[in-house]
There are 2 protein chains.
Amino acid sequence: MNGAHALLDTLILNGVDTCFTNPGTSEMHFVAALDDVPEMRAVLTLFEGVATGAADGYGRMADKPAATLLHLGPGLGNGLANLHNARRARTPLVNIIGNHATYHQALDAPLESDIATIARNVSEWIKETPTVEQVGADATAAIVAAQRGTVATLILPADVSWSEGARVGPHAAHIGILEVAADEIELAAKVLRAGRPAALLLGGGALRADALEAAGRVARATGAKLLCETFPARLERGAGLPTVERLGYLAEFAVAQLQGLEHLVLVGARSPVSFFAYPGQPGVLVPNGCDVVDLVPAGYNAAIALARLADAVDAPAPDAAGPAAERPERPTGALTSESLARAIGATLPDGVIVSDEANTAGLYVTGATAGAARHDWLTLTGGAIGQGMPVATGAAVACPDRPVLNLEADGSAMYTLQSLWTQAREGLDVTTVIFNNRSYAILNLELGRVGAATDGNAADLFDLSQPPLDFVALARGMGVDGVRAETADEVVRALDRAFAEPGPHLIDAILPTGF
Amino acid sequence: MNGAHALLDTLILNGVDTCFTNPGTSEMHFVAALDDVPEMRAVLTLFEGVATGAADGYGRMADKPAATLLHLGPGLGNGLANLHNARRARTPLVNIIGNHATYHQALDAPLESDIATIARNVSEWIKETPTVEQVGADATAAIVAAQRGTVATLILPADVSWSEGARVGPHAAHIGILEVAADEIELAAKVLRAGRPAALLLGGGALRADALEAAGRVARATGAKLLCETFPARLERGAGLPTVERLGYLAEFAVAQLQGLEHLVLVGARSPVSFFAYPGQPGVLVPNGCDVVDLVPAGYNAAIALARLADAVDAPAPDAAGPAAERPERPTGALTSESLARAIGATLPDGVIVSDEANTAGLYVTGATAGAARHDWLTLTGGAIGQGMPVATGAAVACPDRPVLNLEADGSAMYTLQSLWTQAREGLDVTTVIFNNRSYAILNLELGRVGAATDGNAADLFDLSQPPLDFVALARGMGVDGVRAETADEVVRALDRAFAEPGPHLIDAILPTGF
């Protein structure tokens with residue numbers, strides 16, 4: 001058995017059965033081995049940023065890693081931004097990079113580069129397999145590392161891939177659940193029972209339904225506020241779940257949300273800092289004098305901790321039935337970011353997975369969908385734009401029975417638009433709504449906020465209107481059915497149709513310029 | 001004066017007057033300062049890989065650096081593949097990356113990453129400017145480093161950019177010309193005069209007209225063969241210039257070209273190695289027993305060395321008039337990669353700049369254009385695909401009075417297709433020909449060559465036909481006029497029209513599948 005075959009067998013043995021790829025010559029034996037391992041689903045992307053973002057979306061929804069297969073340093077470079085987002089999301093991901101044959105690397109051929117160094121920015125676990133005998137063991141080690149919520153990078157030289165003598169790696173023992181110690185729960189309960197102004201800041205696993213229900217019990221029993229990190233990897237929302245306020249992206253909003261708190265209990269979230277620095281503004285958002293308790297660090301089980309915390313504060317069990325779903329009316333008339341949000345709230349299908357990269361134009365969507373039926377919300381965890389479309393793609397691969405809705409800003413869409421082709425090729429049920437305001441609107445906002453507003457034409461650099469982007473044509477070019485919508489009525493009709501029909505759809509929602 | 005303003009002034013003072021960018025919040029003061037420094041032309045791209053590739057194309061044609069302006073680690077990651085190509089091309093390039101404010105970096109905000117580590121793979125010179133007082137001096141140092149033919153990466157924290165107290169950096173002294181020592185020229189001359197089978201392998205500056213003419217004199221006087229590196233950054237070609245054979249991409253072709261040589265004289269080129277390793281094949285391509293002389297290392301002046309070498313071998317002066325231009329007839333009938341090549345050779349405008357990323361489908365173009373009027377040929381120097389369209393874009397910015405022809409494989413086109421929008425926005429005279437064979441054809445070839453051919457469906461991963469890509473729709477979506485061509489006659493008509501009209505055009509040339 002050659003190295004490539006053993007790697008594939010080890011992945012399958014450990015439940016890693018999906019690989020997002022754009023391969024090259026150094027990955028040819030991996031590609032050939034796919035014929036012998038039909039259990040592996042290989043999903044072709046036209047650009048590595050789509051592959052890595054799709055693996056992120058898959059991992060968030062499947063709760064197990066997908067693999068990537070990338071071509072040398074440049075392939076990894078192309079995928080780096082979405083691996084950065086995956087790292088921030090703590091997504092399990094086995095990141096496989098083909099390299100030149102071991103003996104070829106010293107020749108400094110044109111594609112030679114230092115792959116491990118590039119990977120260091122996104123990977124806590126990196127290994128280049130030196131001999132074919134080690135392939136299986138290294139693959140298992142990578143999977144174990146990935147399961148801890150990291151991007152594990154396995155670099156596979158071509159000769160290790162093609163040489164015979166490989167062995168399949170062992171089955172990875174499942175990682176035990178890390179539990180928060182009882183005295184730490186008790187300490188937090190004591191703080192909350194004191195009745196001083198307090199909030200739970202929820203992130204990671206604390207944003208799944210069971211954990212949220214427990215957090216809701218804590219909040220009802222103690223009056224603590226429920227906040228959620230600004231950019232959650234996966235937030236379960238909708239009817240029956242307690243409402244959690246996402247911490248604002250703009251520091252001044254976040255400061256207002258945190259104002260007056262005396263205790264902040266972190267549950268799977270990090271202590272809040274501002275996204276960017278601004279002249280004269282603080283980067284740390286916790287109010288002076290507010291005590292921060294890191295109750296559930298990353299990797300620890302949040303649902304168990306929150307359930308015990310709820311018991312510790314003598315919270316009653318949750319109501320059998322939470323509040324019923326509530327939708328906005330279908331809007332009519334002019335299309336604005338506000339009416340677009342209501343159109344989405346009015347048509348949102350049950351069980352939808354929302355990949356949200358609508359940025360500034362998406363401001364109203366959170367409110368308009370808060371009362372919808374149960375759904376998942378995936379966001380831009382690392383701030384590197386070009387994530388929404390790949391994440392939607394990977395989520396649809398992970399959950400073929402659920403509809404996926406991708407809320408996508410026009411500027412961000414143009415980063416990894418190639419996602420549409422993979423959606424068409426795989427027949428994925430993804431509805432993409434382009435929030436088309438012909439602008440990097442957030443930068444207009446930020447230009448003023450950093451105190452750099454000018455009376456000149458520098459802001460032309462945020463203008464996407466010359467020429468305007470025609471997303472219907474772009475979608476058609478990649479085999480995806482698209483429709484342009486200029487009124488709220490048109491958007492509602494287009495959403496209804498897209499949700500009713502299988503396969504990918506795109507709606508180019510034309511908003512007022514710059515909003 | 002704030003840091004951003006001083007940086008811009010220092011760039012302009014040193015002749016760096018073009019910046020390819022996709023900025024973010026940490027670059028807002030640089031953007032604002034553009035209003036005060038109208039000499040700087042800022043060119044917006046929709047993706048950083050377009051910005052870095054355009055800066056590469058610009059530098060190759062302008063013989064001076066352009067600047068980039070990229071947003072943090074993820075922006076650099078998105079641009080990394082084309083910086084890799086620029087590094088291999090030895091293109092002068094000032095790579096500016098905005099970073100978080102110095103005091104914000106320790107907070108590990110979502111976009112925080114280790115920028116210098118990412119840059120290390122493509123940059124010999126890297127500096128993060130720690131204080132506003134140093135901005136000017138660091139900018140000059142970056143320009144000096146870039147002028148040596150490197151990617152110089154200057155990392156600019158937001159607070160350094162916005163703080164007052166900056167000084168404009170000094171004017172960079174021009175780099176002296178490095179000349180090859182006389183005794184080394186004499187040694188090479190002696191080798192060549194001996195009349196044993198020999199070749200000059202030309203690269204870098206040896207591929208400009210004056211150097212090529214001198215190389216031609218040497219070849220005529222000594223019988224030495226003229227070879228050229230496989231992927232030159234910029235090769236001057238056409239009527240009146242000696243024909244140089246590009247070393248084959250496939251190792252077996254290169255081996256045949258080098259077979260029987262007893263002496264190989266390197267002039268601005270590196271000793272040849274195979275692009276990839278193949279089981280049982282050698283990576284070093286120089287025949288056993290062939291003596292290799294590195295006459296002109298990178299950075300040394302090739303034209304002067306070759307002129308002296310020509311004198312040293314008593315070569316007569318070149319003919320006043322070289323051979324006249326010679327074109328193939330305009331083809332008619334079926335469109336194949338061969339008739340497409342003749343169509344290009346028949347219509348090629350004088351003084352055109354060709355950005356060539358046609359890959360396998362472009363095999364015949366070299367021959368069909370060898371006798372054309374004088375032109376420049378830019379190739380995929382580092383093997384990281386997605387370079388051709390950005391390089392064409394940057395070349396057109398550098399040379400507004402010359403037409404640019406971009407020969408582009410369909411698979412590679414989809415990497416950085418956003419280039420078309422910048423071409424439309426800037427009104428650049430670029431004609432893009434898509435060699436549309438609906439396939440990663442080179443990988444079908446490589447699958448067999450690495451000994452990994454299969455009888456299964458792994459090769460589906462090289463199939464781009466489901467769904468087919470409609471490049472006319474894709475171009476229209478970005479404001480570029482496109483036309484589909486299915487016969488040789490249609491391609492000829494489309495080329496004539498594209499070359500006659502200003503502004504960008506795209507021709508979707510439909511080739512037989514997989515060729």
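In this predicted model, A:Pro74, A:Gly77, A:Asn78, A:Leu80, A:Ala81 and A:His84 of helix H4(A) meet B:Pro74, B:Gly77, B:Asn78, B:Leu80, B:Ala81 and B:His84 of helix H4(B). Sorted by class, this contact holds six nonpolar and six polar residues, with no charged residues. In each chain, H4 spans residues 72–89. The two helix axes come within 8 Å and cross at roughly 175°. Because of that crossing angle, H4(A) counts as roughly antiparallel to H4(B).

The contact between the chains as a whole is summarised below.

| Item | Value |
|---|---|
| Residues in the contact from chain A | 92 residues |
| Residues in the contact from chain B | 92 residues |
| Area buried between chain A and chain B | about 7,700 Å² |
| Part of that area on carbon and sulfur atoms | 65% |

Of the area that chain A buries against chain B, 9% comes from A:Pro110, A:Tyr415 and A:Leu461, more than from any other three residues.

How are the two chains placed relative to each other? Chain A superposes on chain B through a rotation of 180°, with 0.0 Å of shift along the axis and an RMSD of 0.0 Å. The two copies are therefore related as by a two-fold rotation axis. Both copies use the same surface, since 100% of the contact residues of chain A recur in chain B.

Another helix of chain A, H14 (residues 388–398), is mostly covered, with 10 of its 11 residues buried. The buried residues of H14(A) run from A:Gly388, A:Met389, A:Pro390, A:Val391 and A:Ala392 to A:Thr393, A:Gly394, A:Ala395, A:Ala396 and A:Val397.

Definitions and conventions: Residues are numbered from 1 along each chain as its sequence is written. Chains are lettered from A and ligands numbered from 1 in the order in which they are written. This is a predicted model: local features need pLDDT of at least 70, side-chain atom pairs count only at pLDDT 80 or more; totals for chains, interfaces and linings use all residues. Side-chain values use heavy atoms; hydrogens and water are left out. Copies are superposed by least squares on the C-alpha atoms of residues with pLDDT of at least 70 in both. Contact means heavy atoms within 4.5 Å. Axes are lines fitted to C-alpha atoms, for helices over the stretch in contact, and angles run from 0 to 180 degrees between N-to-C directions. Helices (H or I, at least four residues) and strands (E, at least two) are DSSP runs, numbered from the N terminus. Angles under 35 degrees count as roughly parallel, over 145 as roughly antiparallel, 65 to 115 as roughly perpendicular and the rest as oblique. Ala, Val, Leu, Ile, Met, Phe, Trp, Tyr, Cys and Pro count as nonpolar, Asp, Glu, Lys and Arg as charged, and the others, Gly among them, as polar. Buried means under 20% relative accessible area, exposed over 50%, partly exposed in between (1.4 Å probe, protein chains only). Buried area is the accessible area (1.4 Å probe) that two parts lose on being put together, summed over both.
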